[in-house]
Every structure is written in structure tokens, then in C-alpha cells.
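Hi everyone, thanks for coming.

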Amino acid sequence: MSVTDSAPQPEPDTDLETLRARLAATQGPAFWRGLEDLAQTPAFQEAARREFPRLGSVLAEAKQIGAGKTKAQEVSRRAFLTVMGASLALAGLSGCATQQPQEKIVPYIDPPNDSEPGKPLFYATALNLGGCGLGILVTSREGRPIKIEGNPTHPSSLGATDAIAQASLLSLYDPDRSQAVIHRGVPSTWDDFLNAATAQMQAEQATGGAGLRFLSGGILSPTLAEQRQALLAQYPNARWCSYEPIGRENMQAGAQMAFGADVNTVYHFEKADVIVALDGDFLLTLPGHVRYAADFGRRRSVRKAKVDLNRLYVAESSPTITGAMAEHRLAVRPGEIEEIARALMTTLRNGGVSGSFSATSATQSWIATLAGDLQAHRGRSVVVVGETQPPIVHALAHSLNGMLGNVGQTVTYTPPLEAVVEGQAQSLPQLVADMQSGQAQTLVMLDCNPVYASPADLNFAASLPKVAFTVHLSEYEDETANLTQWHLPQSHFLEAWGDTRAHDGTITLQQPLIAPLYATHTPYELLSILAGKLDRSNHDILRDRWKQVYQATGASVDDFDLFWRTILNDGVVANTALPVFPATLLPAFAGSPPEAARAQTSQPSDPQALDLVFTPDPTIWDGRFANNGWLQELPKPLTKLTWDNAACISPRTAQDRGFTDGEVVILRYRGRRVEAPILILPGQPEGVVSISLGYGRTRGGNVGVGAGFNAYALRTSDAPWFGTGLRLEKTDKRVSLAITHSHHTMEGRDIVRAATITTFQHNPGFVHDHQNDPERPESLYPEYHYPEYAWALSIDLTKCIGCNACVTACQSENNIAVVGKEEVLRGREMHWIRIDRYYEGKNMDKPNGTYFMPVACMMCEHAPCELVCPPGATLHNRDGLNQMVYNRCIGTRYCSNNCPYKVRRFNFFQYADLSPLKQLMRNPEVTVRSRGVMEKCSYCVQRIENAKITADKEKRLVHDGEITTACAQACPTNAIVFGNLADKNSLVSQLKREPHDYSLLSELNTRPRTTYLGKVSNPVENSGA
Amino acid sequence: MRPWVEMQGEIFYREDGNLFYWEPYIRNTNALYPLFKQVGCMPQFFRSYANTGMRIGMLGVFAGPVVLGFALMGFNRSPYITQVGLPKGQPVQFSHEHHAGALGIDCRFCHTSVETSSYANIPPMKTCMTCHSQIWVNSVMLAPVRESYASRVPLQWNRVHDLPDFAYFNHSIHVNKGFGCSTCHGRVDKMPLVYREQPLFMSWCLNCHRNPEKYVRPESQIFTMGWRPPANQATLGPQLVKQNQIRKLDDCYVCHR
Amino acid sequence: MKEALYGYLASFEQPEDLLQAAREAHKRGHRRMQAYSPFPVEGLAEAVGFRFNLLPWLVLGGGLTGGAGGYFMQYYSCVISYRDNIGGRPLNSIPSFLPITFEVTVLAAALTAFCCVFLLSGLPRLYHPVFNAPAFARETQDRFLLCIEAADPIFEARDTWRFLNGLTAQEVVEVHA
Amino acid sequence: MASETRQPDDKPETGFDRPSSVLGGVPSYTSVDTQISDIVLHRPVKRGWLFGLVISFTFVMILLYAITYLLIKGVGIWGINVPVAWGFAIANFVWWVGIGHAGTLISAVLLLLKQKWRTSINRFAEAMTLFAVACAGLFPLIHLGRPWDFYWLIPYPNTMSLWPQFRSPLVWDFFAVSTYLTVSVLFWFLGMVPDLRAVYNQARTPWKKFIFGILSLGWRGDAVHWKYYNSAYYLLAALATPLVVSVHSIVSLDFAVAIVPGWHSTIFPPYFVAGAILSGFAMVLTLAIPLRRFYHLESLVTMRHLENCAKVILVTSSIVGYGYCEEALMAWYSGDPYEKYMYINRILGNYGFAFWLLIFCNVLVSQSLWWRKARLNIGWLFALSLIVQLGMWTERVVIVVQSLHRDFMPSAWHMYSPTIWDWATLTGTIGLFFALFFLFIRVLPMISISEVQELSKEQEEETGIGPNATTSGRSRKEEKP
């Protein structure tokens, strides 16, 4: 079968040509590259990709993550013998004289209008994640998207992104993406599907679509919502249900409970002095979390001039980064949260703790402290509840916020973002019932994977074959695709037109950055096909819809082009934010909490039983990013686990039951069982096991398949998020978990320096106290001066929330390779910036503090690495940057040994994936490192140099804020600030003049250019909690 | 004088605690010795010419590696490696001599982005056709161009000036700071087929990066092909360096990232 | 056929005999003569008229040149050729340059010594007239030989022959070129 | 040969093994010559020798395989990772260079100190040095990420106008090791020239004649040649003595210059040199004991030699032991938290067992040599030599791995575990070493002929009796009528 016939795609082709040519000329003697690339030459791979997508992907995968795997390590016997003799002799000579291979130059036929070769272009679009759209700016080079940044004008982004948004770029170039229509497991074409679909729909027409069923995730797109309405009008008897594995059913039901109507809650953390999060991970998982993190960060600024600190209370059933930021954190069983909410409420009503439920003294005092604080901050506090808590807790939160007068201040309500408003919790079981009963004749699944992700008790997979005609549109040939008759490849959002809503409802147009790489289409097109309009392109659908909207406003059609270009350019449609929804509490919640609505959270009958909590995975979300190498290898914020999920238990529980890390246990829960490795996690509540969703994939890409275990196998529709009655059974099996940072404490070293706000006010320079050496010890060496530029970085530990956005951003900007689980296990991950996580305190069950510390190259002025490099491949430049010159490096690894911060990364194998597809994605401004070469953070020197060139042309200096590093740009809380130290007024210079600015391991007198602002927290003094 | 064998016997019969231990090792070391004695001389294993041979050999042993080393260094600088002065065949025999020289078309007509971007830009097929849809419309030589424009399949030119991928060169900054095309590309207007004028060695780059004043030109001269440093370059150069704010950049990160 | 006479070769069984013979020969005024022994014999060289030993001075020269060159190499590359800021160290980091300076000194001196031994003693020389003498087969074994060349200023066939036989030589043979 | 059947081995051995005597009795010049050159020329290939060669050659093949695979895949096949970026490769390098020290030390230093007992062991000790340094030199090369670019360490005018970074200890290494190798070769070869001539004279077949003739450069034993020869030989010795000290000092600077706790220590140079001599002399014993046994050199390599080696081992191992204590002291006295943590972790941490192993092997076991009985017990000496080898290797590994695996940032701490390829490379080089040595003892005179002859003369003069004096022509002359 062939991919090319159905979709015309000249652009990528020519690009692949050039790239293949460019690929031919890389550093290093051809002799050796020849060997490594044996049977993996781009030409062969390209051919393979076209002819047998699967095989192509296998090869690509073998190279992408296989570097550490034995299968990729094997060398064919022939290859081996070829070198056996020659190798030793030629090893030396081959370096001496090598002729440059011939490169080709492939010009355009017609030059694209606005692009100039060698210059990047930026396009505004958006991606859907976790229940809202995130506006982004995509960098495009020669027609290829190569980097994703936040869109400053977009309310959910404000210029920042999160790890998943950054990594979604990699999915575009994923060789495992579904590339062709598949009919009953046989490759087919869109034309065949069109015929089949038209016939089927005509049949449905007769009964008004009685047998017609749709299944989709939450629909954020207004256009898609309209299409849906139209379709349902066309087929009145058809039914549309929606299921999101990590959806907002509880929020919805909670709102219903409290207001009698579904609302979308928008928080304004920048206005809140006191924040209460009840299992509400608003920094990483709540819709709009990027914006929320930004607002939260804005209220975490500690400066000599002005201190602006909010206070965060968190009660949570499994550790999250939100909990890590909390001044007062309470680790409780998930069921207790409701009790806490109730207790809090009663306490606030009639002062003094209510005796309503028996809480530990810690909990009691926590509630007491919090209640007092809330009283003091009426209207300037906010109560946040996460999607994992049952409706009643949400309702209670609404009433709490109402009671505290936060509504309208720190909390506003709008109509729901998503179009599908029927009770989502019920809709899926209903659908399955129809499928069982044979009522459902036609099932159309849009961009979802129910066979994998639907609750285990529904047994979706078994009932799917009972449906006569099933259609599945998805980016991957996943578990569902395997069981449907028609699997249709879906376009990546960077290939598609569309629109979506921000967390406050603001609409963003999605525009394609590149023609679809494969024969893929979008849900918009599929719906219009089903509606009988076969000829309408993705672009037409969107443009026409928006033309109507525009005309509806009464504007003249002539200006539409301008309007269209404006909204595409801005990335937001001006003032489309949803209006404030006048939500009034129902009487039941106006007063004291109704006992009736109490969710039955029975205390465990037998003492052995534990609570089970399902959590969204911080990297691969609900499993839809399972095939994304960047996210798989991204250490999870707290566990620092990669390539796996695990059953997290508290140290105490582990001690009591004699479990150790990596030990495989059987989780028995409500008659279902799954095997999972144990991971001991400090701060995990006593007797609670939390497992993250999204792993244990069986289909849908070579990267994801086989990683971790499937938590959905234990998930039931009646208790989607937590429940009790879990039992752990020992097995004699063990697995090795690839954890990048296994040591929890700081060994009493002055690495992260923290204090409370009062300490800071008495002694702003507290960071220098417990340090025996001066900040800048004397040196025997003459000073080097940096008059023009002295680039430097300042990292504010008070602001850093450990969300990993910087790590992925760096990976994307600097072409950092993915190495695979085996290599991570060996300690060979390649991230240029890592986020160290330390716990403070003796009791690992209740750490006094959890600290995040981003560590990248410190750019030491007295760099120990430079001194020991024999060929002089790492040395200083005039801007005081610690240069790492890959093409001069011979790989002694001495520099890494001598780096006290251990921020240097080495290519132990040929990690960089040289397949043409990945070549498309590379940042052409950054060398792709070959095997045997050391690499490290460069302060994104490609950006610096380009900015300097621009400035030099204009005969000026680069001014402050003109450029920043990828990590700083992605950071939602602006914890990372980059700038020029030689400019005394630059922001970074100001930050470095702060009293609590310190450099890591300063006693070594390495004089780092990267310094840290000590962490300052704002607890209620003399509080027990 | 006693014959040799006797003498050996003498040692044999000596009864000496130490000595007998050595007996087994004492053998007739030179059985032919008596024979030689009759002849009065023993033929030498090496003939006299062996001395000369050996000396030559020694020379080879010591001088050889040195010579080889220099040979390699020479080879690395030879046109075979640097491809200096070797015109490259192209899918279409495009003559810079004709276009840039005879017709005097400005470099920037085709290499549009040389002043603004890192790439000077290889002109799209459309640029060729702007003229060649009017003139030489039937020329056989231009058939590939027309063909490619019609079939939308671009020509693939052979790259002449090819830096390694780890070296990042930016045309615009050089042109803006007053360094002319011909300084690196040579008299393109005299090249029917373009070839490399310079080896593109790092040392060659550094030579100019360290002494820009020797090569910098007045802004007006940047695109003039035949430009030679004027007599007063020694004074003019430093002035231009000052006025264009040219820094002497030999930091690695300037070119390698 | 016989080639021209090269000299007479007397072979002794004891170093002392050779030493004495050499002394006597030298006293008689013989100059162009060599004494051969399996192992160095104290004073033998002087006995055959060896005076000044140039070698140590050559080695000294070699060493000094090497040392200077070694340091200059480093100074040139770091201070003159490519002025790099290495970890904030001064361009001319004298302490860091000493180890290599030392090593190069030793290397140069050693090479000089090695080469000069052979240059000064005219080796390699695979063919030599004295090798024609049968006794030379045991020159490395237990023979101590004295050869007086025909080119010697006061060489006179009969006289020299008698002189040599008059010594404690175990045998005296003619050596032909 | 004959000696297996007629075994004066034990009877005379008791006689000759008077530790006082450097030689077992006084050999005649001829017998020295023949005895030594026979091993090269006339001794038939023995099963034992062949067996040894085959075994060690097998390991050479393993080494070749390992290196080839390494060049194809990259250094990732080893157990190294980011905190521990140097694993076995560098440890082996240091270990081998150390072993390489004894040879030059014996031949150079003892020569200058006019130690007679060096004479009959210096030749193969030097050979040992060369082969050990050859093995060592292999590692810095193959441990590179891009070995084919190793020549960037050589300063020569290149098209990049770049130079090596002369502040890097690895560049010092490059110069030190290559200088050491060169000088050792020169020293070794110069010393061998007269003997090569002797072998040439003994040789029968044209090929041997040719080869040894070429190698001996037509040496004539001319008095003047001897003069130059001696002064050059002594000069080389004088040069090699500081050199041998400098080499391992510089190797130790690879660590001492770095800031890693456990590396950054001023006592490294002396204590590395001591360790080097320790392992070197251990290796001398490992080789000498079987050699004298199988080639019946008991009279040339006597108990005196073995005992002296034992004494050197005792001294150096005590110095090394002092070094360990010194490290502990500095860790405590400096008050540097990282140093302190490192040393405690070294003793009690994940790799604690290795520390105790090396203490046992390097310090404790050799203390037995205070007793003369132990020094004269050949079996024990041999066992001890092996134990010390192991100990010294362990020490190198501990210094490299243990110091790196937990340095400044707890977040970066990671364990190191060697792979099959690490072991293959190590054993491979051991095989290479012995293969070279087996070949050496068959093709080159393993004991200096001329020097032993000279020595026997001196002995003769001391004792007054000997095979040579009595054959004096002078005495005969008186008998003549």
C-alpha cells in the first residue's frame, strides 16, 4: 500500500530530499557512520516508511528508543566481520583525511510568499488539553513546525506552556501515527470509506438515525458543536455520548448539585491571599492550569522592595506538585476530604471545630488554622476542588466560596466550555447497553479510545463487535482501532484547521503548520461527510462557519478577510470569553452542609484493605501521549519515574507490609486484579495506593506499548477515581524502575536554601548564613572582564512549581535525544535541564517540605570542566558562556567527572535519531550531536547569537528581554529569568542584587552565572499543621 | 697454540663444584671453527654492501614517519580534499560568467536574502523563468529548467560552497559589516561553472575574523566583483572596522552551536 | 683470493691480558688499533687512546633544547596562537605547563643519547673486516681481541706480528679487508 | 631439556640459594653466553610454553573482539554513566602503568645505586615494563567517545589552527606515557644490543643470523663503543629515574587536579608512585618465580633477587598503607563535608567491601614479609604477588568509581556496575601482556649476557676461583719450555 496516492504532499517530499542530502554530510568520518547506519540509511528508511509504515516505524523506533535495547545493540555478523580486522588499524587514520560528501541544493519552484529561507515564521494556533484549549505560537522553519511556545495574548497561556504542550510537537513526527484507512485490518482508502459510509448513513436516514450512535471526548470546538447539532437535527433519533477518561463529570454533577446547573468555574488566584486545594491539583491538571500557575506564581514574589506571598493549604490523597508548594499540607485518605470540607464549613459557621467527625489532631489543627485564616481573608481566599473528588465536595466548595464571599472576586462562573452537557457519567453505560442490545447499528468514535480507556466494568471491548458498522477516527491505530471495522487516520492538530475554547471560553482558531504528512483528516471533515457533504475541506468548514458568525454580528462580508487574518494572527478571537454566569446556590447549600448528600465513603472493613486512588499521569495524561518519547522519558515531578507507572505507597505502609521499590505486587480491587511495581513515595497518605492512568498500552505505537501497567483495568464506572477495599499480594517478581533521581535528601548540604517569610524579613540574607564559605571567595587568577555581554540566569525557588515545562521545552529547542528505559536505568538520560526534588525533615511520611530545583549548566566563570578538557572542546567565550563545541569533542568525559553539578550529558551511543522524519522536526540552528560527544546546556546560544547578529546589523546592543532561553520562555511562573549581567538595569541584574540570591556550591569558587533565589514560604507561625 | 677442541676438553675435566653445573650448557659452539682455521678466514654473513643498505634502512625508519606525516598534511590541504578550483558539474550548465559577468546582473537579483538572512538563497525555478519564459525559450540547454518548472519537480543543484553542518555561517552579517562576495567566493563573474575559490578551512575563516581590517570594504564595493584592497587599505581598513563596529570574533559559539 | 691486509688480530683469554697488550701497543706508538671484549673492561678505551667523551655534552644540549622547545610550544599555542579563556585561568599558566616541559626535556635528552651512541661509534656497520677473523665468532663469548690496523702509522708487518705474538695472545691472525 | 631428567635443581639449589650470592656460583663467560642464548636459539618449543601462549592468545582474541564491538557501538557498551563517566578503562590504565614502573626502576635506579642484584632480572623486568605500558596505552585510546580523533591531542599545525589544551592532565598523560614508553624502549634496546650480537654469533640458521645481525647493528664490542655505550646507558638511567617518578605522579594528577572529593588530594603523587612500585615488583615476582623454575635460572635469578623484591614490596605497601591513613586524616582534618562524606562512604558505603579488600591485599598481607621465613618461601611470595596485583587493581577501581558515584549533588548520585565488556577488555589486556611476554622469552635474550659475564668476572676476582682465571694465557706461558 502506499501513502502518497491519497494525499498530495509535495512540500514534505522536497524537504525530505534536502534533508536526506543534508543528512549525508555530518561530522565524523564516513567510515564509522557507515557502520552505525548499516541497514538504517535514510533512503532505506524512507522507502520503508512509504511502503510498509509499520516496518518503517519499527526501524525508526529501534533507533529512537532502542539505543539502550539489546535488539538495537546487536550488529549483524557480516557487519561485524567487516570491521573486525580493519577497525583497529583504521581507527586512527580514518580521522585524518576525509573528502566532503556532495550535498544537493533543492530550490523552490515558486517561493512561498512571506517566508524567507533561513528565517523562522511564527503561527498562532491552539491545542486541546485537559478540558480546555491552550493558545500557542509555533515556530516554523522552511515550512516545518519545529518548536511550540505559549501565545502571550491567549488567556490560558500568557506566553507559557506546559510539558505536554511542548512535547505535542514530537507526536506530529511520530512514525507510528496512523497513516492510512484500515478496513477490518486491511489497508484501504478514503474513497472506499466514503462509499461505505454514504450507504450506511442512507440506511440510518430511514429510521432517523435510531441506530446511530456517536462517541467523542468533550467537544470544545464551537464549530464541531454546531456540526454536531446539525447532524443530530438530521438524525433526530441518533444519540451522542461523550466520555473523557479524565473528564469533568464530578465538577458537572457538583455544579448541578449546588446551582442546579452546570457551570464552568474560573479561578483568579492572583487575587487570592489564601488558597485551599482539596485534591485540587490546579498547578498541573485542572483546566487552565498553565494560567493558574502563572497567577499563582505572580503572588509568590519575594523581593527586598516588596514581598507578595499568598498562602496555600492542600489536603490531598496522593502527592502532587500543588501539595509540594503548600505551606500547610495534609495527606489524607481520599474519602476524608469530604469530611474535611464539611468540618471546615461547620467550623466557619459556628467557630470552633465541629465534633462531627473523628479526625486526627493534625487534621483538627489544620482545619482550625485554615478556618481562622479564611475568616481573616474573606473575599481574598479561594477553595479549589479537583476532578477526582465526588460531586458533593464540589458542591461544598461552591458553597464555601459563596460563604466566604469569594464569588465574583477570586471565583467566577461561566456557562460550561464543552458542548456536550448531558450527564456524561451516565451516557457511556447507556451507549454500551445499546451496543449490547443491538440497538446501536452504527457507532462513530471521534478521537477517543474507549476500548482502552473506558471503565473496566462496562466491558466496552466485548460489546463493540455487536455493532454492525463501526467507525473510529484517531491519530493512532490503538486498541479501539483494532476492533473497529473502519479505522480512519486523524490529522495531528498542527496539520489541521479547527477552533477551541480557553479555560475562560475565549475562542482560538487552530491553523495547520504543515500539509498532512499522511492521508489523514479531521473530525470536522468526518462529520461533514456523515452529514452528506463529501466535498468540504477542513479549511472551508471552518472559514464558512466563521463567515456566518461574522455576518451574524452584522459586519459586512468584505471585511471578513481582514477579520479572518486578524484572528488567525492574534490566535484569539477578541472578546469571546464566556459571560459571567449568575450562579446562585440552591437553598440546600446556602446553609449548613446537607447530610443527605453525603457520599458513602465507608471506612475500610478489614484493616488489611487499602484505598485506591487513580491519578492523571503528569506526563502522558490519560494515555493519549503514551507514544511520545519526550513525555515517556520525562521524569514525573515527584517520583522522578520514567517509562513506567507504579503503585505509590507511603514509606510507613511499605515498612509495615515489607514492600520495597520495584517489587511487583498484585492489586486486587473489586474482583479485578492487575500486577504493578511498588514505588515508595514520601508524603503519600497512610494506607492509600495511588496509580496513574495511561500506561499498559497494548497497541498504538512502539514507544508506548509495553510500558507500565494498565490502571483502567481496575477502574469502574461507579467509582472512577477512588475507592476502598484494595488488597496487595506479594509476588516474587521484581522490575527495575527507571528513576532519574533516587536520593531523597540533601545530606545536610546547602543546596536548596529555604526560610519562612518572617525569617526573611528579619534576615533577608538568610541564604548566606548556614554556609561556611563566602559567596565569592578570593581567587588567585586574574579577573576576566565582560564589558558588553555577560549572560546570566536567575532561578527563583519560591516560584518554581516543578512542572517540567522547562525540561521538555529545552528538549525540543535543543534537539535532545530520547534514550530509552534501559539507558535511563544506566543513568544516561540526556536532559540538559533537570529538576531536582528534595524532601526536608526526618519523617519521610510527612516531609516538612518538598523542594524543586531546576539545575542546568551553571556557566561557571571558573569552570572546572574547561580546565581538564584535553582538546579544548569546552572553554569560555567573551560573553562568559561556557562553550561546548561538539565537533571538537573526542569524548574523554573528564569534564563530566569534574563538573560538581553533573549537568553534562554524554552520547554513549548514537542516540540522535537520524531518520528523515525526525530530521524534519530538528531545530536547524542546533547541531544534532553524534555518538561519543559530550553535550550540555548552552543558554540557548543559537538564540543569543542570532539576536546579537540582528543587533550588530543595527549597530546596537541586544537589549534586555529581547531574547530569553527556551526554559525561561516556557516557565508559567517566570521562575527562570535570563538576561545580560553587564547591563546593570536588566531584570536579571536586579534579581542578582536581591539579598537572598545565592549560587550553588559557591564554596568551590566556580562562580556560576546561574544563581538561585532562596525559597521563602509563608506558613502561619506557631501552627501545628 | 692448541686446537680448539682440546681447549674445550680442558674445561671439561676441571672438577669444580661450581663448574660442573655449567657443563651441560657448554657445547661445541663452533663446530666449523677448525675448518675455518685451515682457510684462515671465516666468510662474513653480511657482505660489505649491507652497510649501505642498513644506513638507508635506518634513514627510512627515522625519516619515514616524518615524511608520511607531512604527506598527510599536504594531502589534507590538496584540492582533492578542499576541492579548490575544481568546477562542479550541474544539472544545467548555468554560467555565472555569462549572467553576473557579461549581463552584469546583480548578485542580489537571484540571491535575494543575502543581506537579510543567513542563507543567500538559491533562486526558485520561477526566478529563472521570469526571463527565460521570454528569451531562449527554446534553448535545449534550458530544457531541464522548463521541465522542472512545468512538472513542479525542482532541479537539484550540486552544492559548491559547503560548510560542515556544525558550522553556522550567516551571510547577512558579513555583507552588512562590509565584507564582499568575492572575498570568499572569488571572481564568480569569471567562472563559467562555479568552483571553490577558498579551502573553507577553519584557519582560513579565523584569518579574517582576526584581521578584518585587511578584508573589509566600503559599503559601495560589497557586490563589486573585481574589488582589490586599495593602496590605503592599511588606513582605510581600521577606519571601516571602527565605523562598522566590527568585533574580532574568534569564539567557538560564533560559528559552532 | 686474498684481499688487502687490514691488520693483525690478537686474541686473548683474559681481559687483563688484553688491557696490558693494549697498553704496550699504545706505548710502542700504535694508534690505529681497536680492542674488542664481550663486556666493558675498565680502562681499555683509554688504553687504546680514547681521550674525550663528547656524549654527555650532546645529551645536555639535547635536553635543554627539548625543554625550551616544549615550553615554547605551549606558550605559543596558548598565549600567541589562540588566546582562549580556559576556566578563568591566566593565558600563560606556568604551573600547568611544567609537566609537559619536563617530559619533553627527558624525551629529547634520551633520544640524543641513544642516537649519539651509534653515531659516535659509527654503527650500524654490519660488515667489518675484523669479522673475517674466526676468533670474532667468539668475540661475545670468551675472547678478548686486539686489532692493529695496517693503516697504523708505525705498522710494519713482520715487526708488528712479532710484537703481538710476543704478548700473551692465545693466537694471532691476519685480517683481510 | 636435559635438566628435567637430571635434576640438580634441588641439590645445587640449596647450595646456590644462599641469599647472599647474586649468582649461583661463578659461571664461565662461555657458559653464560650459551646458557642464555640457547633459550632463544636451540631450546625446542616446550608444551608448557605453547600452552601458556595459546591461553593468553585466546584472551588477545577476546580483547580484539571487545574493542571491535566497542568501535562499532560506542563506549556505551561499558557500565559507565553520568556520575561515573570513567569506569574500568581508566582504572585499568592506571593499574597497568603502575605495573610498568618496576622495570625501569630496577634497571635505572638500581643501576645508579650500583646494585649488583639488578643484573640478571633487569632485562625481563624492562620487557615487562614495555608490555605493561603498551597495555596501559591502549585504554586512554579506546575509552574515548570518538577514538578516531585521538590525534587531536598531538600538537601539530592543522587546518583548524587549534592546539591541545595544555592545562589538561590528560594531555600531560599523553606526553608522559608516550615519553615513558619511548625512553623505556630505547633503554631496553640499547642494553640489549651486545647480547643480540652474542645471539647472532651463536645463531646457525641464516634467518636468525640475518635478524639478529640487523638488530645488533653490527656491534663489535670495541672498547670505544663500550665507552660510549656505558655513558649513554648511565645517562639514560639518570633520565629514566626522574621520569619513572614523574609518570605516575602525572597519572595521579588526572585525579588530583580534579575537584571530585576523593580525587582532589595533594598526597596522590607520592602515594600513586608507591602503589605503582608495589604492583610493579609484585608483577616481577609473578614472572620471575615461574621463569627461574622452568628455565633453570635458579643460579642467575637467585633467592637474593626474590628476597630483595619482597623487601621492596614490604616497604612500598607500608607507604601505601600510610597513604590510606593520610587520606582519612585529611578527610577529618580538612573539615570539608564532601571529603568527610566521601571517606565514610568509601568505608561503609555501597562499595565498602572493595575498600576492605584492598586494605587486606595491599597493606595487611604484605606485612608478613617482616619475617625472613616468608621472604624466602617461594610459594608464598608467588601467592602474595598475585594478591597484591588484585589489591592494587581494586584500589584503582575504588578511586575511580567510588569517588565519582557520590560527589556533590545528591540528585545526581548513581551506582556503577561493570558489564561483560568491561571484564572482557580487562582480561583481554592481561592476555595481551602475557602473550607478548611469552613471545619475548623465546625470541630475545631475557637476561643480559654481557652484564652477567662482567658480573661473573667480578665474582671471580672476589672469590679468587673461577673457570676463567685459570685459563689465563699468561700462566700457560710459564709452562712453555
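Let's start with Ser812(A): is this residue buried or exposed? Ser812(A) counts as buried, because its relative accessibility is 3% and the cut-off for buried is under 20%. Keep in mind that we are looking at a predicted model. You can find Ser812(A) in helix H27 of chain A, which covers residues 805-813. And which residues does Ser812(A) touch, once we set aside its neighbours within four places in sequence? They are Ile146(A), Lys147(A), Gln166(A), Leu169(A) and Trp630(A).

Now let's turn to where chain A meets chain D. Here 73 residues of chain A are in contact with 63 residues of chain D. A handy thing to know is that the size of an interface is often given as the accessible area lost when the parts come together. Between chain A and chain D, the buried area is about 5800 Å², and carbon and sulfur atoms give 61% of that.

Several elements of chain A each supply at least two residues to the side that touches chain D, among them helix H2 (30-36), helix H28 (821-826) and strand S32 (834-840). The largest share, seven residues, comes from H6(A). Sorted by class, that side of chain A has 36 nonpolar, 21 polar and 16 charged residues.

Notes: Residues numbered from 1 in each chain as written. Chains lettered and ligands numbered in written order. Predicted model: local features only at pLDDT ≥ 70, side-chain atom pairs only at ≥ 80, totals over all residues. Heavy atoms only, no water. Helix = DSSP H or I, 4+ residues; strand = E, 2+ residues; numbered from the N terminus. Buried < 20%, exposed > 50% of the residue type's maximum accessible area, 1.4 Å probe, protein only. Contact = heavy atoms within 4.5 Å. Buried area = accessible area lost by both parts, 1.4 Å probe. Nonpolar A, V, L, I, M, F, W, Y, C, P; charged D, E, K, R; others polar.
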